[in-house]
Amino acid sequence: MKVFMAIFLLSFPQWEMADEKPDLDVSLHQGIEKHVLKRELPEKMPRFVYDSGLSFDYPDAVRGIYVTGHSAGGSRFEKLISLINKTDLNAMVIDVKDDNGYITYIPEETSPLHSFGQPYIKDPRKMLEKLEENKIYPIARVVVFKDSILAKKKPELSFKDGGSIWKNGRGDAFVNPFMKEVWDHNLEIAIDAAKLGFKEIQFDYVRFPEGFEKRDTTLQYGLGDYAKLDVENVQKRVTAVTEFVEYANKQLEPYNVDVSVDIFGYTATLPEAPGIGQNFTKISSHVDVISSMIYPSHWTSYFGIAKPDLEPYRLVTEYAKMENKKLAELENPPTSRPWIQDFTASYLGKGNYRVYGKAEVEAQIKALNENGIKEFLLWDAGNTYTPNVDYTP
């Protein structure tokens, strides 16, 4: 805009600013402005796209595993690469910002992100070059609003309970989705990951804390620009979460990456999840990939299945039918790539869980495939994945 104004004023030096020349012929002004715009701003300008220098092809269908920063930076990394090379797996979702709020490598000293870094991954660029060499598709996981580190550094960006930072039953603090500063902090991290060479940014914990509808009027927190929004609290939360996703997608456009969001599986079964602010349809409208977390162990008897963890095939089948119906309502639906279970939920208690292995993992994949969903991600917090699984059953 500064360049345009300079050209405009140099071309017509006898003119002053419009507010100083109220008698300026408006029609003449508009005609000249259109002429200059046409000359200086052609309709099809080349769009800046950042080039990381690394090259990754999108697989026939993403079949990926979750990898912590510790695993990506440690000896387990080679074992996970070997697992992928020996199977039909082809992607890694790697923690770039973890569940605590730490960045899993040390950003440059000049970066405002430097103090958030941990040396879990000593050389992230070298790690990505290794993935390029092995043709493994790299996805950066960025945990957004669950963030104990940022909450501690800047309590004004979190939720307070009696003057102290509020934490959930597991001791986790959250930061406030209403605050634009929180958005920008996470976007800086996402952009840094894109510059390193990741091909997709996957945002997790894009939500308010669970059960927030029970404490939204008792905790102390700012509303930012949403204070002016004349709607009930539920809609304020839904709007903030949705607009963060839309904003993130737009900010990441120049970096040639896809944007994905992890979302609670049950969110697809509701018009919207009122406490946490997730609306499946609205979020899906602003992403390239939607990843519902559909672990059988995490469901109640939603689909008339009394003990879902015991029936992985049936549970995933019922969910897939419902999700397909929701996505079909969208003009440009994102790719569906659910998170599925490769862990044993013994915490459910005797009779309520089963040991997950080859049969259980394949049952979930088979259920997805039969419902036209070809992509999936495997979750195991310890990154110990079941051997000898057929990932294309």
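Hi everyone, thanks for coming. Two housekeeping sentences before the structure. The model is predicted, so local features need pLDDT of at least 70 and side-chain atom pairs count only at pLDDT 80 or more, while totals for chains, interfaces and linings use all residues. Residues are numbered from 1 along each chain as its sequence is written, and side-chain values use heavy atoms, with hydrogens and water left out.

Let's begin with the whole chain. The protein chain has 11 helices and 11 strands; these are DSSP runs numbered from the N terminus, helices being H or I with at least four residues and strands being E with at least two. Of its 393 residues, 51% are buried, where buried means under 20% relative accessible area, exposed means over 50% and partly exposed lies in between, using a 1.4 Å probe and protein chains only. Now contacts, meaning heavy atoms within 4.5 Å. Among contacts between residues at least 6 apart in sequence, 76% join residues at least 24 apart.

On to helix H4, residues 76-85. Which residues of H4 are buried? They are Phe 77, Leu 80, Ile 81, Leu 83 and Ile 84. These residues cover an arc of only 155° around the axis, which puts them on the same side of H4; the arc is that of the directions from the helix axis to the C-beta atoms. What covers them includes strand E1 (63-67), helix H3 (69-72), strand E2 (91-97) and helix H5 (124-133).

Let me stay with H5 for a moment. Two packed helices are described by the angle between their axes and the distance between the axes. Here axes are lines fitted to C-alpha atoms, for helices over the stretch in contact, and angles run from 0 to 180 degrees between N-to-C directions. H4 and H5 pack at an angle of about 20°, with their axes 11 Å apart. That makes H4 roughly parallel to H5; angles under 35 degrees count as roughly parallel, over 145 as roughly antiparallel, 65 to 115 as roughly perpendicular and the rest as oblique. Phe 77, Glu 78 and Ile 81 of H4 meet Met 127, Lys 130 and Leu 131 of H5. By class, that contact of H4 with H5 has four nonpolar, no polar and two charged residues. For the classes, Ala, Val, Leu, Ile, Met, Phe, Trp, Tyr, Cys and Pro count as nonpolar, Asp, Glu, Lys and Arg as charged, and the others, Gly among them, as polar.

Next pair: H7 (residues 180-196) and H8 (residues 233-252) pack at about 35°, and their axes are 11 Å apart. From H7, Lys 180, Trp 183, Asp 184, Leu 187, Ala 190 and Ile 191 meet a set in H8 that includes Phe 244, Tyr 247 and Leu 252. The contact of H7 with H8 divides into nine nonpolar, one polar and three charged residues.

Zooming in on Thr 317, it is buried, with a relative accessible area of 11%. Leaving aside neighbours within four places in sequence, Thr 317 contacts Ala 367 and Asn 371.

Gly 64 lies in strand E1 and counts as buried at 0% relative accessibility. Beyond four places in sequence, Gly 64 is in contact with Leu 89, Ala 91, Phe 376, Leu 377 and Leu 378. Ile 103 is found in the loop between E2 and H5, and Ile 103 is buried with a relative accessible area of 0%. Beyond four places in sequence, the contacts of Ile 103 include Val 96, Phe 116 and Ile 189.

Finally, two asparagines with positive phi. Asn 256, in the loop between H8 and strand E7 (258-264), has phi near 55° and is partly exposed at 46% relative accessible area. Asn 388, in the segment after strand E11 (376-379), has phi near 60° and is exposed at 67%.

That's my tour, and I'm happy to take questions!
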